[in-house]
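User: I am new to this structure and would like to know how its parts get their labels. Please set each value against its definition.

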Amino acid sequence: MEERIRKWLEALMEIPSPTGHEEAIQLYLRENLRRLGFESELQEVAPSRPNLLAWRGESPLLIATHSDTLPTSHYTLREEGPFLCGPGVADAKGQIAALLSVLELNHLPINVAFTVDEEDKGEGSRNLRLPPWVRMAVVLEPTELRVAVAQSGSLDLELNIRGKKSHGACPGAGVNAILRAFEALLKIQALDFMRVEHPLLGKPHIMPYWFSGGHPELYLVPDEALVRLDVKLVPPLLPEEVLAEMERAVSGYGHIRVLDQDPPFEISPQAGVVRILREAIRQALGREAELSGMPSWTDAEPIYHLSLI
């Protein structure tokens, strides 16, 4: 099986599929699935960027993952000790290679979907159309073979903090927007939602990832500061409720602009698809499955809201 997976992975790595350029790999997958007895359809998400849906019989189970990878300057597979490394090997061409290897050996009914755009806006899974017989789904992501039954949500925000301009030699005559931005972030960190804790995902956090304020050549107290931050959410928090709490906290400092938002979600550890995965791990690895939470966005979120998983 290892050699079979390696051959598939070598073939997949020869087809660069950075986000926005997925058509070639989708056509390659479609042709190989046809050879394995699958019917299929390409569902165009954007010009030359189709999702691939394929089915062999009418199984209630869908196995899905994404075919796009982060862009890079090289697309080669290399060995590092016992590991195979390269762009997208862990996320998710290795999963695709393992899936194709199993589909070659196992001819039972199954549905598979390969989405585009997962590494950007997730438009592939948001526009995925499934046959009516699909009732549950497994989304393949790097989890170290743990079964993820919860996923973090997020708020991607921009804080616009106001101040008052003055000469840098007279800071008391102005209001420094950069200092007020630090104060606003501390106020957010002290809010009630930050104390909610999930058993698999832990507590929420805020992660400022971009900051702008003042001018490097002008000795002035800045009257405006911009901060972009990602707010990690855990179940049962709702983005709209957290946003309202944050807006109240920073109302005296400026305003918040929402760039993107995704809700967290979780399913029961006793759900049918989880029981199937637990039994599969028991049979394949001879041990009990470990449950986990996914700390970042994946295609599982839109698929979950199709009343699957």
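Analyst: The questions below go through sheets, helices and cores in turn. This is a predicted model, in which local features need pLDDT of at least 70, side-chain atom pairs count only at pLDDT 80 or more, and totals for chains, interfaces and linings use all residues. Residues are numbered from 1 along each chain as its sequence is written, and side-chain values use heavy atoms, with hydrogens and water left out.

User: What makes strand 2 and strand 6 a pair?

Analyst: Two strands pair if DSSP finds at least two bridges between them. Strand 2 (residues 49-56) and strand 6 (residues 110-115) have five bridges, in the antiparallel sense, so they meet that definition. In this pair, tryptophan 55 stands opposite asparagine 111 of strand 6. Strands here are DSSP runs of E with at least two residues, and helices are runs of H or I with at least four, both numbered from the N terminus.

User: Why are strand 1 and strand 7 called edge strands?

Analyst: The open sheet has five strands in the order 1-2-6-3-7, with mixed pairing. Strand 1 (39-46) and strand 7 (136-139) each pair on one side only. Neighbouring strands of this sheet are turned by 20° against each other on average, direction ignored.

User: What makes strand 8 a member of a sheet in the order 15-8-16?

Analyst: Strand 8 pairs with strand 16 in the parallel sense over four bridges, and with strand 15 (residues 265-266) in the antiparallel sense over two bridges. Both counts reach the required two, so both are pairs. Alanine 150 stands opposite glycine 293 in strand 16 and opposite glutamate 266 in strand 15.

User: How do you know that strand 8 is largely enclosed?

Analyst: Buried means under 20% relative accessible area, with exposed over 50% and partly exposed in between (1.4 Å probe, protein chains only). Four of the five residues of strand 8 are buried, so the rest of the structure largely encloses this strand.

User: Which residues of helix 7 are buried, and why are they said to be on the same side?

Analyst: The buried residues of helix 7 are Val273, Val274 and Ile281. They cover an arc of only 100° around the axis, which puts them on the same side of helix 7; the arc is that of the directions from the helix axis to the C-beta atoms. Their cover includes strand 3, strand 7, strand 8 (147-151) and strand 16 (291-294). Just after helix 7, glycine 286 takes a positive phi of about 70°.

User: What makes a group of residues a nonpolar core, and which residues have the most contacts inside the largest one?

Analyst: A nonpolar core is a set of buried Ala, Val, Leu, Ile, Met, Phe, Trp, Tyr and Cys residues joined through side-chain atoms within 4.5 Å. The largest has 33 residues, and those with the most contacts inside it are Leu29, Leu33, Phe38, Leu103, Val112 and Phe114. Helix 3 (residues 89-105) gives the largest share of this core, six residues. A second, separate core has 29 residues, including Phe193 and Tyr253.

User: What is phenylalanine 114 in contact with?

Analyst: Contact means heavy atoms within 4.5 Å. Leaving aside neighbours within four places in sequence, phenylalanine 114 is in contact with Gln26, Leu29, Leu33, Asn51, Leu52, Thr65, Ile96 and Leu99.

Conventions:
Axes are lines fitted to C-alpha atoms, for helices over the stretch in contact, and angles run from 0 to 180 degrees between N-to-C directions.
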